[in-house]
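Please read this short report alongside the model.

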Amino acid sequence: MTNIISEWIISPHQTETVYVPHSFLKQTSFYDGAFVTFLFGTKERHVKIRESAAEDWVISQDLKDELYLPHTGPYGVHFDEHTIAIGPHIGIYTAGFTQSLLRPVGERSFLFAKYITAAKKLGVSCFLFGASHIKWEEGLVEGFFWNEKGWEKIITPLPNVVYDRIPNRKTESHPGYAQVRERLQNEYAIPWFNPGFFDKWLIHKALTDSRVDHYLPESTLSPDVQTLLEYLKEHKQIYIKPANGSLGIGIHQIIYVPEENMFYCRFRDRERNRLRRYSSLQRLVKKQFPAGLSQMVVQKGIDLLSYQQKPIDFRIHTNKNAQGIWQVSAFAAKVAGIGSVTTHVNSGGQIKSLSELKEDFVLSEKVYLDLKKAAIVLSESIDERIEGCIGEIGFDFGVDKNEKIWMFEANSKPGRSIFSHPRLKKEEALTRHLPFQYGIYLFDQLMRSSPVYIR
């Protein structure tokens, strides 16, 4: 199955006819006058193939209307001996829609416009939609398309593939989210990739593979005070974080100073970094965790490499590519802000590019290659053990003073704060293109397993 990028011409003079270039007929089993199944999204038609006078791709007006083709391309062309499909037609599923067509999803509108622009360059028809935009009876959706004139709402077929960009765990927990996903997957056989946010503890438990378990810091779910004390006596510092947390929210660092017999707690409160001192661990837990430690994960502290005397960790993005194989798509360091418990930018952290780290001799080539290897093998291991199609992961790694690598977190919907750095423009673009390369891969796999799968 080959992919050809093409711009289509609309002809008002024929009925359910597609004109294709002579060069296309030469490389396929199709011939002038043949009848084939023609697909766009979840719509199909039985059409006649004719050879075009020039090397043009031409579709009849009635066929464009029946297939709800939103624009004239460019589209990829996918085919086997009986079927021609254009696109694929990929829907980005999200929430938080506004009433404004200028910014249909508020501040995220610009980011999604960049995603859709990246998709077009691959011949992908791409649009934005939410649960309320689906017209189940007709098999259609009100999709938000982006072009040089701005956002446009167009009735279009249900997609071939869904790219999940639900913004937060609260939205994901709504019953309607699961219902839409299950219905599209079960009734229309639509692949849905990046479903759900990762649970930190489930990921930790899943990674029992001997290839990767040495990357995991010692951790316990829902610890009691005695467990915390044992961790602190052994490691002197610990981190406590919500199993379902994200963006560094709710993370506490506790440091035990035995000479003083004091416990210090770092955390972020109301956009300020805080440090509090307690004479007993029981008092600290009661004050800092009034709801208790249920569904909190305690993790041993790591004596991290530093940059200008500030701890650093590493954000590595991995994506599946057009062959469905994991690759590293972005690599950066995050430097902790003064007094911050995390390296997150919203806590005062700084981003450093790979070139800056090497210029300042912070990162050796060996550690860099070892980090990339860890990201790939962990991606493969998570992919094998977590249900659903996973297309991208954002990892937070630490490296200790002995150059041992530790994985702190894996995120199924990684934030993009590192791409504010001017030296990460190429990586930023790559992480927007790769999800659609993977979407094409999923569509091609579906076509191979069942060439005419549309209901």
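Helices (H or I, at least four residues) and strands (E, at least two) are DSSP runs, numbered from the N terminus. The model is predicted: local features need pLDDT of at least 70, side-chain atom pairs count only at pLDDT 80 or more, and totals for chains, interfaces and linings use all residues. Residues are numbered from 1 along each chain as its sequence is written, and side-chain values use heavy atoms, without hydrogens and water.

Lys200 lies in helix H6 (residues 200–206). Lys200 counts as buried because its relative accessibility is 16%; the class means under 20% relative accessible area, with exposed over 50% and partly exposed in between (1.4 Å probe, protein chains only). Ile116 sits in helix H3 (residues 109–120). Ile116 is also buried. Contact here means heavy atoms within 4.5 Å.

| Residue | Relative accessible area | Contacts |
|---|---|---|
| Lys200 | 16% | Lys241, Pro242, Ala243, Gly245, Ser246, Glu409 |
| Ile116 | 0% | Ile92, Cys126, Phe127, Phe144, Trp146, Trp151 |

Ile116 and Gln179 are 63 residues apart along the chain, and their C-alpha atoms are separated by 25 Å.

**Nonpolar cores**

A nonpolar core is a set of buried Ala, Val, Leu, Ile, Met, Phe, Trp, Tyr and Cys residues joined through side-chain atoms within 4.5 Å. The largest one has 35 residues. Phe314, Leu363, Leu371, Ile382, Phe395, Phe397 and Met407 touch the most other members. Elements that give two or more residues to this core include strand E23 (310–320), helix H10 (365–385) and strand E26 (392–399). H10 provides the largest share, eight residues.

What does Leu363 touch, not counting residues up to four places away in sequence? The list is Phe314, Phe331, Leu354, Leu357, Lys358, Tyr368 and Leu371. A second, separate core holds 25 residues, among them Leu39, Tyr115, Leu128 and Trp151.

**An open sheet**

Eight strands form an open sheet with mixed pairing, in the order E1-E7-E8-E4-E5-E3-E6-E2. Two strands pair if DSSP finds at least two bridges between them. Strand E1 (4–6) and strand E2 (8–11) are at the edges; each has a single partner strand, so one side of each lacks a neighbour in the sheet. Neighbouring strands of this sheet are turned by 35° against each other on average, direction ignored. Axes for such angles are lines fitted to C-alpha atoms, for helices over the stretch in contact, and angles run from 0 to 180 degrees between N-to-C directions.

Inside this order, strand E3 (residues 17–20) pairs with strand E6 (residues 57–60) in the antiparallel sense over two bridges. Tyr19 stands opposite Val58 in E6.
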